[in-house]
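The exercises below are to be worked with the sequence and the model in view. Each task is followed by a solution in steps.

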Amino acid sequence: MRQRPGIALVLCAPSGAGKTTLSRRLLDDFPAFAFSVSCTTRDPRPGEVDGRDYAFLSKESFITLREAGHFAEWAEVHGNFYGTPLAATLETLASGRDLLFDIDVQGAKQLKETLPQAYFVFILPPSKAVLERRLRGRGSESEESVAKRMANAGREIAQAVWFDALVINDSLDEAYADLVAAYRAATLSPGRRPDIVTEFITEWE
């Protein structure tokens, strides 16, 4: 049988729901995963490394690349731009490597058009109160920032209905187990491996 094409696993969540923590754990446990390094115009957070977590760009550079068709998807979130390089994405998937996308809902909607074979997972907080407490617990968010992120969270959660899987991050271990289950479901989906059925049918002809 031919090598299966890579799986594009797309994770979305409101800010503070734990998406980054879950993403890093998945990458640690599944080293065959490649991480889709998005471009962004926001400033790096403590511990983030350029080229590993994000490619940090100026707004001018981002806009130039966007106009040149460089991105599979792009969005403006909290006043900053984010985008996924298209060519690198297609090359990685064609090589058979799975890709993990940690992006926002706007970007996911665009990826649903450019990568229809992708599998979309939305990570939810257990409640509005818990999400707000997590945001405040960062110690890096102003009151204005918390209010803005909470308002955005409501709009993002309203979009969760069209995703392929929902993961509620109440207990980190349970949420991670659900995320792994969603990933394995994506790799086993007939729609993502039509070559298997075709090759078996050929043997019976």
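**Exercise 1.** With the side chain of which residue does the side chain of R42 make a polar contact of 3.2 Å?

*Solution.* The model is predicted: local features need pLDDT of at least 70, side-chain atom pairs count only at pLDDT 80 or more, and totals for chains, interfaces and linings use all residues. Residues are numbered from 1 along each chain as its sequence is written, and side-chain values use heavy atoms, with hydrogens and water left out.

Step 1. A polar contact is a pair of N or O atoms within 3.5 Å; within protein, one must be able to donate a hydrogen and the other to accept it, and residues adjacent in sequence count only if both atoms are side-chain atoms. The partner at 3.2 Å is the side chain of Y82.

Step 2. The side chain of R42 also has a polar contact of 2.8 Å with that of E48.

Step 3. R42 belongs to the loop between β3 (38-40) and β4; strands (E, at least two residues) and helices (H or I, at least four) are DSSP runs, numbered from the N terminus. Its relative accessible area of 8% makes R42 buried (buried: under 20%; exposed: over 50%; partly exposed in between; 1.4 Å probe, protein chains only).

**Exercise 2.** Determine the geometry of the ring pairs Y54 with Y82 and F62 with F81.

*Solution.* Step 1. Rings of Phe, Tyr and Trp (its six-membered ring) pair if their centres lie within 6.5 Å; planes under 30 degrees apart count as stacked, over 60 as edge-to-face and the rest as tilted. This rule gives 12 aromatic pairs.

Step 2. For Y54 and Y82, the centres are 5.8 Å apart and the planes at 65°, so this pair is edge-to-face. Y54 lies in strand β4 (residues 54-56) and Y82 in strand β6 (residues 80-85), so the pair ties together parts 28 residues apart in sequence. Y54 and Y82 are both buried.

Step 3. For F62 and F81, a centre distance of 5.3 Å and planes at 10° make the pair stacked. Because F62 is in helix α2 (residues 59-67) and F81 in strand β6, parts 19 residues apart in sequence are tied together.

**Exercise 3.** Over which rings does R66 lie?

*Solution.* Step 1. A charge sits over a ring if NZ of Lys or CZ of Arg is within 6 Å of the ring centre and within 35 degrees of the ring normal.

Step 2. R66 lies over the face of W74, 4.5 Å from the ring centre. The charged end of R66 also sits over the ring of F81, at 5.7 Å from its centre.
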